[in-house]
Amino acid sequence: MTAHVSAAETTIAQTAVARAIGATTLMSGLGLVVAPRTALQLMGADTPDQAPLLYRVVGMFMTVSGGLLLDGAEQRVVLRWSLAQKSGAVAGVGLGVLRRDYRKRALLVASFDAVSAVALARMLSKGSGSPS
């Protein structure tokens, strides 16, 4: 017996994936706001005094962008900007590892963002979400 998935069900599934990405981004952003030193230590970064404050600011932006995706996952404009955010995060963490600002274990963070970016790009290429 083969299950048939309609276009509407696919859109619902894609929206659920986008919302999960948004929720994860929101929660990890809150983690940076609340415990930036711990996040920096987990990524293997040497932390100058200014780094925790900067990480709190980054965490605030992650919280906002994750919340936007969580709330507006059915809108293509939200998917596009979320794709930009995830792609930028991959590039930023990757560059940080190349420059040895972070240890290689920071690539675990980048891998979530990379998988998220691919998922968002596929959603956009398949035309899911409302046009606005």
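**Reading helix H4**

A: H4 has 23 residues and spans 33 Å from its first C-alpha to its last, close to the 33 Å expected at 1.5 Å a residue. The expected span is 1.5 Å times one less than the number of residues, and helices are DSSP runs of H or I with at least four residues, numbered from the N terminus. This is a predicted model, in which local features need pLDDT of at least 70, side-chain atom pairs count only at pLDDT 80 or more, and totals for chains, interfaces and linings use all residues. Residues are numbered from 1 along each chain as its sequence is written, and side-chain values use heavy atoms, with hydrogens and water left out.

Q: Which residues of H4 are buried?

A: An α-helix has 3.6 residues a turn, so residues three or four places apart point the same way. Buried means under 20% relative accessible area (1.4 Å probe, protein chains only). In H4 the buried residues are Val78, Leu79, Ser82, Lys86, Ala89, Val93, Gly96 and Val97.

Q: What follows H4?

A: Arg100 follows H4, and its phi is positive, near 65 degrees.

Q: How far may the model be trusted?

A: The predictor's confidence in each residue is pLDDT, from 0 to 100. The chain has a mean pLDDT of 87, with 89% of its residues at 70 or more. Over residues 1–9 the pLDDT is below 50, and this stretch has 2 contacts beyond near neighbours in sequence; a contact means heavy atoms within 4.5 Å.

Definitions and conventions: Helices (H or I, at least four residues) and strands (E, at least two) are DSSP runs, numbered from the N terminus. Buried means under 20% relative accessible area, exposed over 50%, partly exposed in between (1.4 Å probe, protein chains only).
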